[in-house]
Amino acid sequence: MSEVKIEKVSRRKFLIRTGLGTLGVLAFGTYVSRNPMRRAVFEMVEMMIPPYSGTGTEANLWFEITQDNKVFFHSPKVEMGQGTFTGLAQIIADELDISIEQIEVAAAQTDTGIIDSGSTGGSLSIASLWQPLREMAATMREFVKQEAAKKMGIAASRLKTENGLVSSGSKTMTYAEAIANISSWELPDTPKLRPIKDYKLIGKPVKRVDLKAKVIGAPIFGMDAEMPDMLYAAVVRPEHIGARLKSVDTSAAESMPGVVKVVKNDNWVGVIAKSFSEATAAKHAVKIDWNIPKKWTQKDITDLLKVGNGAKMVTQKVGSALNTYEEDGISLEFSSPIGAHAQIEPNGALALVKDGKAIVKLSTQVIGITQRQIAEALEIDVENVNIIGTFLGGGFGGRLNTLHAVVAALLSKEVGQPVKYFFSRKEEFQNDNFRPPTHHIVKGKLNANGMIDSLEHHYASGDVAYGSVILPEALHTILGTDVGAMRGGNIMYGKIPNRRAVQWHTSLPFATSWWRSLGLLANTFAIESTIDEMAIKAGKNPVEFRLAMLNDEGYEGRTKKVIETAAQKANYIEGVSGDRAMGFAASIDTGVPCAHVVEVSIQDGEIKVHKVTCVLDCGLAVNPDQVRAQCEGSIIMGMSAAMHEKMVISDGKLVPTIYGPYRMAMMRHTPEEIDIHLVQGADVPLPVGEPPLGPIAAAIGNAVRRLTGQRLTDLPMELV
Amino acid sequence: MKISFNINGQAQIVDIDGNTPLLWVVRDVLNLKGTKFGCGKAACGACTLHVNGESIRSCSYPVKFVEGKEVVTLEGLSANGTFHPVQQAWIEEVVPQCGYCQPGFMMATAALLEKIPHPTDKDIDENIMNICRCGTYYRMRKAIHRAAAIKQANS
């Protein structure tokens, strides 16, 4: 990309940029309310879609029309695999009247002026940009028409736009020609958006715009970034939880081949060398004496993280209190372990810090926060830090805090050359912002008719949202609850007269944070397993049991429809059939209901999932094929967490530190069939990437219960 | 030490510590970025490429062992400008999500199809041992069957 000039412009003006291959750039004001973060948070809590919260009233450069009549879209959101760039391109194409082949999408560098103050996450990219992006594309289209009208001498109202061409009868002009040689533009008012039925690409299974690059192995990831005269770094960090650096001997490392410099910092030692292999070899020659104040054990953590410990917060309170339980009540206890993100591209960054400026290329979900963190560490203005976001080799919440990029920048500053630093797999596993372990107690009571009279969910969790750099600290004081741990923690069945959900929050001695779907997977496992157990106790069909507890309106009505559809599509039956049984579970997350029916058998003492029927109501599916891909991926990632994955603490360290011992779902664990059905219960796109994770663990547990009589209550599930 | 080998049909000589993993020679010396780093311990398969037609994990394969051998990376899987049947099938089934692990899977699949032209699901389960965090296995399995069909139709 050529150099970008940033200017402040008012809401209805374009900013012109000239440069290599560029004729014009559209600048556009924003959609941000005065306090977007607060609004975003409360809307999130209420299961609605937070608005896009980009840079306030700064000039935002979104589209470039290039000389070869293509549109370059500077996306405030990154692509981490969910097909976001494709969905956004479809949205642009349908209002800007260009073909999808004419659109190129890349994450906006911070020096273009587009800085997402939040993150790419929460499954919100398409949902939050749905309205502003259509408005911007439509405005751009009207602007191009207005300029073409001047050049063609024809009234704009008589011009048509299609495939990047403006035409009237036989006269045509490309968009590039229409906006050529313009120096000062006034934007027309935002036109009325087209009715959804008129869209040609929105709602269609368009092939991913990044498909070819990913099939030829193009160098699109942070890991692939290069700069001339680039050096490599490897870093020694404490392996024991809470360890502090006491003394260091770097003499042996300094004399190793290829080593340029060894840098000591507060609690790490970095080795800069000419190659990755040399940096790694020298890293192992650094001798460090660590001060280990306490060798944490797994038992310490299990004892700490229990219902009844930590900060208590009632997150749901309907009907009367349920402090006493009669003999016919039910009480179950559940747990989930520490989980790693384990994305295949390790975290890392390529940084060049020189002459008081920094350029940093990396895979990050938080471009704006990465910029701020680096500026603070280098003590320079944020304007002097340009973050170039690449494609992400997996995100899942694992790139929402990018302190490793700060390390890369500090190392580069030491040598005045570009330094590429990325985690070894061991560093990745030991320095992850883990999914916190959870502990749950669910108590319930049936009424005389065999319906649930009362249900109470107590859930203990480590930090999810607490302490996260993506949320303001004051938020926790305002809300008094960890909104991430809360996801899926409340009981969704509105006809249960007495409902309680109580969060017990404890911060752990190691970092825990966002992991795809947050509390949803474990909370749904606890609640939906208990609901299933109560259906068995009541002698009722678990589908009818659930339907009878849901109201017909709003979210509950949509959940009902999803449950009915799932039971019907899967031909759900309660009993064991041959060597298989079915399991049913449902959840609602950020306003998106999902139900899974799984078919399970036991093979060689292990749970085998043969088929998953998944029904999801994500509103308008901008790209139904990619929505399905997200369902498939969520199901497999959820199965992996439900049946295989587990980090533990051993001798004061988080282990394991490599794939294999950190067991994950592989090809052989993949269901023979995943049957996905989309129900559209809203006319706008809703979150997709996380909600289908919700019911999977519970559905598998419920199938195993029906097949074997065992109620499995601990993740990862293992048969006794 | 000097090591001579062919990579993607081209003769190549590198002068480097013979114990350097082949992955880093391919990525950082020869600048072929289609082979990815995932774990450095041959556990995830992101770095899979072919040495004399065999699928190997290059992060744990010292470069000295390729002396005189044929190395093929994703970039050399098919002739200029065309897609290998595996790549074509991956496109038709729209397999990649984040895409980072996909080169390793495609290389493992290409090697598998040379040995077992029409693998069963069981063959796939037993031979494709890479890790995909996005969970694209379901589409991959379909794409592997499709690649086998394309390969047969082309031959």
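Mentor: Start with the bounds, which come from an automatic or database domain assignment. For chain B this assignment gives domain 1 (2–76) and domain 2 (85–154). Their centres, taken over C-alpha atoms, are 21 Å apart. The model is predicted: local features need pLDDT of at least 70 and side-chain atom pairs pLDDT 80 or more, whereas totals for chains, interfaces and linings use all residues. Residues are numbered from 1 along each chain as its sequence is written, chains are lettered from A, and side-chain values use heavy atoms, without hydrogens and water.

Trainee: How many residues does each domain of chain B bring to the contact?

Mentor: Contact means heavy atoms within 4.5 Å. Domain 1 of chain B brings 17 residues and domain 2 of chain B brings 13 residues.

Trainee: What area is buried between domain 1 and domain 2 of chain B?

Mentor: The size of an interface is often given as the accessible area lost when the parts come together. Buried area here uses a 1.4 Å probe and is summed over both parts. It is about 1,200 Å², with 60% from carbon and sulfur atoms. On the domain 1 side, Lys36(B), His50(B) and Leu74(B) lose the most area to domain 2, together 39% of what that side buries.

Trainee: Which residues form a salt bridge?

Mentor: The rule asks for a side-chain nitrogen of Lys or Arg within 4 Å of a carboxyl oxygen of Asp or Glu. It finds one across this interface. Glu54(B) pairs with Lys115(B), their closest N and O atoms being 3.2 Å apart.

Note on methods:
Buried area = accessible area lost by both parts, 1.4 Å probe.
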